[in-house]
Amino acid sequence: MSKIVSILEDIKPGIDYENCKDLIDGHHLDSLSIISLIAELEDEFDITIPAVEIVPGNFNSVEQMAAMVERLQEE
Amino acid sequence: MQLSGFLGAGSAMSMTSFFTLTFFMVFVPLCVISYTLVPNKLKKYQLLLASYIFYWLVSGELIIYLLLSTVSMLCFGLWLDRVQTKMKSTLSVTPKEEKKETKKRYIKKQRLIVLLAVFLHIGILLFLKYSAFFTSNVNILFAFFKIPVALTVPKYLLPIGISFFTLQAMSYIFDVYHGVIKADRNIGRLALFLGFFPQIVEGPICRYSQTAEQLWNAGPIKYENLTFGIQRYLFGMLKKLVIADRLSPIVIEIFDKYNEFSGGIIALGAVFYTIQLYMDFSGSMDAVIGIAQIFGIRMPENFERPFFSRSISEFWKRWHITLGAWLKDYIFYPIVTAGKMKKLTAAARKKIGNHFGPLLAGSIALFCVWFCNGLWHGSAWNFIFFGMYHFVLILSGNAIAPAVNSINHHLHINADSFWYRLMQMVRTSVLVVIGELFFRANGLRNGFLMFGKMVTGLVPNLFDRQGLINVLIRTGRNSLDLIIVAVTLVAVFAVSILNEKGISVRDELAKRKILIRWAVFYLLIVYIVIFGAYGAGYKPIDPLYAQF
């Protein structure tokens with residue numbers, strides 16, 4: 001989780017990532033940030049995030065991102 | 001016997017408009033009555049039969065394309081399912097170190113199946129819709145280079161709604177490929193999902209997960225659904241018959257003979273066309289969603305008050321939502337998440353920063369989205385220009401966003417204040433109107449000529465009263481038509497404001513006493529009957545989006 005937080009802070013600083021639960025729905029992260037985030041997550045965790053995974057339910061909070069990463073690592 | 005006349009094939013083309021007497025006084029009531037009479041377990045078959053009768057009546061033998069699409073969806077879905085099942089069973093017995101390679105092999109096979117499906121479905125669409133455009137442009141090129149060859153420009157009949165049901169069929173195949181849905185073995189369910197009669201003419205472009213099960217499990221008609229559905233339908237009728245169709249002859253006159261009018265009248269024509277298009281398309285969507293609701297089906301919304309948007313980017317999240325979502329899910333994201341694009345994003349981010357880095361990769365995907373969006377609307381250069389116009393606006397909006405934020409910060413401008421938001425909404429609407437001018441123009445050249453005349457002649461003729469009177473006289477209209485349009489627009493605008501504030505007018509109305517409810521209901525009907533643009537002096541106007 002801390003790795004994801006540090007990636008997010010690098011991409012878009014100034015957001016309380018540990019407590020924010022509506023990163024997408026609350027428009028805290030825009031599509032450009034998501035494009036960067038996907039590239040960084042794939043690089044960091046050696047996963048492939050297919051387009052179909054890009055839904056608010058996977059990116060609204062750090063926990064959801066961590067769960068997605070874990071699931072994709074297992075696949 | 002010729003097939004074209006068999007059992008009324010193609011004999012009711014007018015039914016593509018949801019507001020003709022044949023459709024709403026004959027077809028829909030017959031459909032509702034027969035649906036009510038058949039036993040519950042047969043209701044789905046009645047809906048399917050009604051949908052195919054509808055398509056047969058409006059399209060005749062072109063129904064073959066709908067049938068082909070349905071069968072193709074079934075086959076490709078099952079083929080993908082077979083490969084996926086085989087992949088799972090193989091992976092379960094494959095050693096861990098070989099799993100990645102094995103999976104890759106099966107994914108490659110699935111991609112080939114998807115590619116074949118795209119080739120077939122999009123190929124048919126391209127062939128029928130764009131071959132004339134392509135060959136006529138090739139002929140222009142030949143003439144330009146003085147090559148003495150002239151290709152015959154083909155002319156194919158375009159099945160009603162093919163641009164819509166092709167995207168819907170493709171979304172099903174993509175979703176099966178991605179594992180979002182399971183492949184369906186029931187051809188009846190797939191046929192109803194693709195061919196449901198109100199939705200097939202101009203959308204909304206539904207996903208299998210949104211409507212397939214609902215349609216197949218549709219139950220008895222409930223009183224609340226019936227009344228809510230009819231109310232929604234009538235609201236659509238108000239938009240289409242009282243506003244859109246009343247403006248139609250004025251718009252045609254201005255766009256066809258723009259060189260006879262001043263810049264102010266051309267600007268007015270562009271505004272009128274934007275209103276006409278919005279009222280026509282969103283009114284038709286109200287009809288589709290309303291009719292579906294009668295049967296208890298919830299269709300996805302296609303409009304969310306687009307003229308309250310603060311940017312062009314937001315506008316397209318509120319206008320023709322299902323097309324935007326389709327392009328985003330099946331073109332934008334697959335491109336930005338492609339291997340090379342992700343590498344480009346990561347490298348560019350390190351070189352040019354967090355904002356412009358991803359913007360570079362995003363802009364390539366955005367270009368593809370808007371090229372497809374423009375081309376989807378029609379086979380003409382002005383549609384492609386329309387797409388590129390919005391691509392440039394969205395891209396530049398993204399590019400200058402940090403600078404705008406910085407200026408606002410330094411000048412202590414509150415970007416959430418009412419006046420700032422209003423300014424953004426007006427700016428967005430003006431940009432949309434300019435885009436619609438090119439969209440509606442009779443060719444790209446005329447679009448530029450109109451735009452040039454509008455820009456150079458707008459200030460001296462901003463309120464060209466005489467020009468407006470001339471347009472009204474030529475079209476057999478008068479100031480009363482404009483007053484009716486204005487009053488109805490105010491009413492629609494008031495409903496939009498309430499909706500924007502999260503207040504549902506229909507829910508509020510449902511809480512009132514029965515007398516008030518029925519009074520509003522009848523008032524709406526009487527208003528449409530008195531002020532609707534139909535009968536003598538009016539030609540029935542087909543839904544504008546049905547031609548796309």
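## Nonpolar core

A nonpolar core is a set of buried Ala, Val, Leu, Ile, Met, Phe, Trp, Tyr and Cys residues joined through C-beta atoms within 7 Å. A residue counts as buried if 20 or more other C-beta atoms lie within 10 Å of its own, as exposed if 12 or fewer do, and as partly exposed in between, with C-beta atoms placed from the backbone. The structure is a predicted model, in which local features need pLDDT of at least 70 and side-chain atom pairs count only at pLDDT 80 or more, while totals for chains, interfaces and linings use all residues. Residues are numbered from 1 along each chain as its sequence is written, and chains are lettered from A and ligands numbered from 1 in the order in which they are written.

The largest nonpolar core holds 142 residues, and those that touch the most other members are B:Ile173, B:Leu194, B:Leu215, B:Leu247, B:Ile254 and B:Ile266. Helix 9 (residues 263-294) of chain B gives the largest share of this core, 19 residues. Helices (H or I, at least four residues) and strands (E, at least two) are DSSP runs, numbered from the N terminus. Leaving out residues up to four places away in sequence, B:Ile266 touches B:Ile254, B:Tyr258, B:Phe261, B:Met450, B:Lys453 and B:Met454; contact requires C-beta atoms, placed from the backbone, within 7 Å.

## Domains of chain B

An automatic or database domain assignment supplies the bounds: domain 1 (3-220), domain 2 (222-303 + 465-548) and domain 3 (310-440) of chain B. Over C-alpha atoms, the centres of domain 1 and domain 3 of chain B are 29 Å apart. Their contact takes 11 residues from domain 1 of chain B and 7 residues from domain 3 of chain B. On the domain 1 side, helix 4 (96-144) and helix 5 (162-178) of chain B each supply at least two residues.

## Chain A

Chain A has 4 helices and 0 strands. Its radius of gyration, taken over C-alpha atoms, is 11 Å, close to the 11 Å that the globule rule (2.2 Å times the number of residues to the power 0.38) gives for 75 residues, so chain A is as compact as a globular protein of that length. The C-alpha trace of chain A spans about 30 × 20 × 20 Å along its principal axes. Of the 75 residues in chain A, 35% are buried.

## Interface of chains A and B

In the interface, 16 residues of chain A are in contact with 19 residues of chain B. Helix 2 (residues 31-45) of chain A brings the largest share of the chain A side, 9 residues.

Technical notes. Contact = placed C-beta atoms within 7 Å.
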